[in-house]
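Biologist: Before I rely on any of the terms used for this protein, I would like to go through them one by one. Could you take my questions in turn?

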Amino acid sequence: MTGSDCPIGIFDSGVGGLTVLRAIAQRLPHESLLYFGDTARLPYGKRSQAEIIQFVREILDWMTQHRAKMVVMACNTSSALALDEVRAKYDIPILGVILPAARVAVTTGRRVGVMATMATASSRAYTRAMQEIVPDTQVWEVGCPEFVPLIEQNQINAPETRAIVKRYLDQLLEFQIDTLIYGCTHYPHLKPVVDTLLPSSVCQVDPAFYAAEAVAKELRLLSLGNTTADPTIRFGVSDRPQRFAKLARQWLSYTPTVEQIDLQASQVLPADSLPSSTSLDLSAEHFPVG
């Protein structure tokens with residue numbers, strides 16, 4: 001059983017989903033959050049659909065054992081390849097990040113570029129989502145397999161990073177795009193680099209902000225908003241918790257306590273060893289659009 005005081009689960013392959021966690025924490029500061037980063041198996045973008053579905057089911061099983069009242073797939077690859085499959089098998093709301101971003105992108109332009117993982121780009125999930133809303137939208141999806149390793153290895157400010165980002169952006173700028181979607185929740189971490197390369201006329205869409213709005217709407221519709229318990233934020237990863245905590249600090253404004261989780265063993269996070277959500281700097285600016 002779940003109730004309004006139960007946490008919202010958020011998961012990704014690594015630190016990328018922290019963009020979504022931060023946006024949700026800012027939008028819904030009274031909600032408890034449960035974050036999982038599958039750091040032992042990242043990046044997801046090179047995995048097969050069968051592997052992704054299996055990983056997602058293991059994470060969802062773990063989160064439901066922790067009484068998550070809702071789960072957000074803060075991972076475009078999972079949203080593209082596993083969302084429909086797992087929704088039918090769990091009795092809690094499961095939200096992806098693709099549709100919220102697609103709905104916004106079709107309001108900002110008709111020539112949309114998507115920087116994504118190889119798996120998401122190959123699935124054409126963004127193209128389908130946008131063209132179902134506005135059929136004449138033109139969409140170009142480019143797989144950027146080098147981005148996640150750069151971010152997970154904290155190489156955002158490395159000299160070679162700008163050249164790598166430029167190479168992928170140039171592929172999209174050739175099509176005279178008017179909108180750019182960060183089609184992986186890791187990628188908004190590269191926004192400072194993108195800003196130096198992208199014409200100001202191109203609107204940038206970060207799915208994290210719109211995923212948070214979708215969560216807020218779903219909570220209202222289901223009357224699941226937390227109005228009683230003190231909120232907490234809990235973090236678990238499948239490998240290298242200290243490394244994750246150190247990397248997470250620059251986006252959370254504090255170093256979180258992170259547990260290493262064995263999904264197969266279904267270990268439980270001890271609540272008294274984890275930080276409360278009041279540690280999170282909710283005034284930190286989320287990645288904006290535009």
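Modeller: What follows is a set of questions on the terms used for this structure, each answered by setting a value against its definition. Please keep in mind that this is a predicted model.

Biologist: What makes the protein chain agree with a compact globule?

Modeller: For 290 residues, a compact globule would have a radius of gyration near 19 Å, and because the protein chain has 18 Å, the two agree. The C-alpha atoms fill a box of roughly 50 × 40 × 40 Å along the principal axes, and the chain that fills it has 12 helices and 10 strands. Buried residues make up 59% of the 290 residues, and of the contacts with a separation of 6 or more, 76% are between residues 24 or more positions apart.

Biologist: Why is Lys 69 called buried?

Modeller: Buried means under 20% relative accessible area, and Lys 69 has 1% relative accessibility, so Lys 69 counts as buried. This lysine lies in the loop between helix 2 (49-65) and strand 3 (70-73).

Biologist: What makes the pairing of the side chains of Lys 69 and Glu 31 a polar contact?

Modeller: A polar contact needs a pair of N or O atoms within 3.5 Å, one able to donate a hydrogen and the other to accept it; the side chains of Lys 69 and Glu 31 make such a contact at 2.7 Å. The side chain of Lys 69 also reaches the backbone oxygen of Leu 224, at 2.6 Å.

Biologist: Which classes of residue does the lining of the largest pocket have?

Modeller: The lining has 14 nonpolar, 2 polar and 8 charged residues, where Asp, Glu, Lys and Arg are the ones that count as charged.

Biologist: Which residues of helix 5 are buried, and what do they pack against?

Modeller: In helix 5, Ile 98, Pro 100, Ala 101, Ala 102, Val 104, Ala 105 and Val 106 are buried. The elements that the buried residues of helix 5 pack against include helix 3, strand 5 (111-116), helix 7 and helix 11.

Conventions
Residues are numbered from 1 along each chain as its sequence is written. This is a predicted model: local features need pLDDT of at least 70, side-chain atom pairs count only at pLDDT 80 or more; totals for chains, interfaces and linings use all residues. Side-chain values use heavy atoms; hydrogens and water are left out. Helices (H or I, at least four residues) and strands (E, at least two) are DSSP runs, numbered from the N terminus. Buried means under 20% relative accessible area, exposed over 50%, partly exposed in between (1.4 Å probe, protein chains only). The radius of gyration is taken over C-alpha atoms; the globule rule is 2.2 Å times the number of residues to the power 0.38. Contact means heavy atoms within 4.5 Å.
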